[in-house]
Amino acid sequence: MADDAIEMVDGKKKLSKKTRMAVCNRHQYLQGSWNYERMQNGGWCFSMIPAIKALYTDRDDQIAALKRHLEFYNTHPYVSAPVIGVVLAMEEERANGAPIDDVAIQGVKVGMMGPLAGVGDPVFWYTVRPILGALGASLALSGSIGGPLLFFIAWNVIRIAFLWYTQEFGYNVGTSITKDLSGGMLGRITEGASILGMFIIGALVERWVSINFTPVVAQIPQSEGAYIDWANLPAGTDGIKQALTMYDSIGSTSLSQVKTVTLQANLNQLIPGLAAVGLTLFVCWLLKKKVSPIVIILCLFAFGIAGRLLGFL
């Protein structure tokens, strides 16, 4: 291990910034060797290798450290960063002679990974990623290459910055971070992320979910002048011009003498986007009931095809 991997402060070992950055870089591959027995333990151990080599020069100590970091571990791959920061601080204290045993280190990992796992999903998968995805998709639909570039660059900047700064936060605060998480911090983070996530989902429903119920509920005869009388229009381009002028002036009035009102038109007058919101909430309810997303997708396909064939969609 290079000399710049460790620093000596007041006669005690301290991990250098270079070593901590090496750990952060490796931590991006936390799920690279995911397994069903101990989940993310392989990726965790891989991440800790630079710190272990810096703190322990004896081969037997390095082997023992690697073994204790091969225990069960599983959490959201991004919010794992503060956990690894705390563990780095504990390993540093242990290498300096502090009475910290394997049970204490594993206890901190297990105690933090559970609560943090519940924070990672609403923050990243349900908030940050949908926002960036919606912005990128909107630009892409207009034909701009900036759409996918925006999503790719912004997502990775946010991800890498979060991994580094939260790891440093955990490292600097040390084991006291567990006291903060057991208090009100975790609850406030989860509540705020959930509210923001629901706000974003609500804003995107009207844009991305489209339902059109086609059954006719009424056919209303229009009074003279409220529709375009095609039979009495001048011939040629003058007739086309007059029709366009009349349509522009009367707006949504029927183009024919009889105005057809569909079920979807009535729903839109009641609450625009009501059907889309209802479908979204129903899908969320099914997911909460542990219904497989694949089953939901297949059922939506079947419902759409049946609705088209039977004439109500």
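Here is a short walk through this protein chain, from its overall build to its inside and then its surface. Keep in mind that the model is predicted.

Let's begin with the whole chain. You can pick out 12 helices and four strands as you follow the chain along. Of its 313 residues, 33% are buried. Now think about which parts of the chain meet. If you take the contacts with a separation of 6 or more, 71% of them join residues 24 or more positions apart.

Next, step inside. The largest nonpolar core has 38 residues. Which of its members touch the most other members? They are Leu15, Trp44, Met48 and Leu88. Several helices contribute to this core: helix H1 (17-27), helix H2 (41-55), helix H4 (80-95), helix H5 (102-141) and helix H6 (146-173) each provide at least two of its residues.

Leaving aside residues up to four places away in sequence, Leu88 touches Leu15, Val23, Met48, Ala51, Gln167 and Tyr171. Two of these names, Leu15 and Met48, you have already met among the core members with the most such neighbors.

One nonpolar surface patch, of about 530 Å², is formed by Ile145, Leu149, Phe152, Ile153 and Val157. Val157 sits in helix H6, a helix that also supplies at least two residues of the core. Is Val157 buried or exposed? Val157 counts as exposed because its relative accessibility is 51%, and the cut-off for exposed is over 50%.

Notes:
Residues numbered from 1 in each chain as written. Predicted model: local features only at pLDDT ≥ 70, side-chain atom pairs only at ≥ 80, totals over all residues. Heavy atoms only, no water. Core = buried A, V, L, I, M, F, W, Y, C linked by side-chain atoms within 4.5 Å. Buried < 20%, exposed > 50% of the residue type's maximum accessible area, 1.4 Å probe, protein only. Contact = heavy atoms within 4.5 Å. Patch = residues over 30% accessible without salt bridge, like charges linked within 9 Å, V, L, I, M, F, W, Y side chains within 5 Å. Areas by Shrake-Rupley, 256 points an atom, 1.4 Å probe, with all protein chains shown as cover. Salt bridge = Lys/Arg side-chain N within 4 Å of Asp/Glu carboxyl O.
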